[in-house]
Amino acid sequence: MNESIVVALVSVLVSGAIGALSCWLAFRKHSEEDALGRAMRRTSALQIMSDEEFVLLRVQDECILFRDAILGAREKMGAKFDHFAKEADRIIGESDQLLHQARERRRELEPKIHGLSAIAIEGVVAGAYHRMKLAEAQLQRTTRSKVEFFRER
């Protein structure tokens, strides 16, 4: 009878140890998955912010090319020159402002992003994605202005 108590006690202890080890491994796996998820969100946020800055740089380049084309065609444009010159100045100002804001946001966020919660990082991703889409819309507007200018020329 003593042997059966010892066997039962050993099996309970072994079962408890295996259960505790399983819980510890599950907790560790969950922690690693959470850390990996947060790292992926941080990477996504920074990547989208880089994409936004890249699109805004393209906008700025297009604006400068547009302005240079307008200035080069001053004599040919006549009365239309003022309209296109004002349009070029407006979109250059907008692109400069948007690029400055994007760089400022990134400069402020990069050192703090590691300490943000997953929900806060998702907010950063959503905001950066939205601003990137606005930058793409700005690029399309600039391209349309350029096309209009070359049609009028």
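**Core and salt bridges**

Analyst: In this predicted model, the largest nonpolar core has 15 residues, of which Cys63, Phe66, Ile70, Met77, Phe81, Phe84 and Phe149 touch the most other members. The elements that give two or more residues to this core are helix H1 (2–72), helix H3 (80–109) and helix H4 (118–152).

User: Which helix gives the largest share of this core?

Analyst: Helices H1, H3 and H4 each give two or more residues to the core. With six residues, the largest share comes from H3.

User: Which residues does Cys63 touch, leaving aside those up to four places away in sequence?

Analyst: Cys63 is listed among the core residues that touch the most other members. Once residues up to four places away in sequence are not counted, the residues that Cys63 touches are Ile91, Ile92, Ser95 and Thr142.

User: How many residues are in the other core that lies apart from this one?

Analyst: Among the members of that other core are Ile48, Met49, Ile121 and Val125.

User: Turning to charged pairs, how many residues apart are Glu122 and Arg41?

Analyst: A search of the whole structure finds eleven salt bridges, and one of them joins Glu122 to Arg41, whose closest N and O atoms are 2.8 Å apart. Glu122 sits in helix H4 and Arg41 in helix H1, so that the pair links distant parts of the chain, and the separation is 81 residues.

User: Why does Glu122 count as partly exposed rather than buried or exposed?

Analyst: A residue is buried under 20% relative accessible area and exposed over 50%, with partly exposed in between. Glu122 therefore counts as partly exposed, because its relative accessibility is 40%.

User: Is Arg107, which forms a salt bridge with Glu104, buried or exposed?

Analyst: Glu104 and Arg107 both lie in helix H3, three residues apart, or about one turn of the helix, and their closest N and O atoms are 2.3 Å apart. Glu104 is partly exposed, with a relative accessible area of 26%. For Arg107 the relative accessible area is 52%, and because the cut-off for this class is over 50%, Arg107 is exposed.

Terms used: Residues numbered from 1 in each chain as written. Predicted model: local features only at pLDDT ≥ 70, side-chain atom pairs only at ≥ 80, totals over all residues. Heavy atoms only, no water. Core = buried A, V, L, I, M, F, W, Y, C linked by side-chain atoms within 4.5 Å. Buried < 20%, exposed > 50% of the residue type's maximum accessible area, 1.4 Å probe, protein only. Helix = DSSP H or I, 4+ residues; strand = E, 2+ residues; numbered from the N terminus. Contact = heavy atoms within 4.5 Å. Salt bridge = Lys/Arg side-chain N within 4 Å of Asp/Glu carboxyl O.
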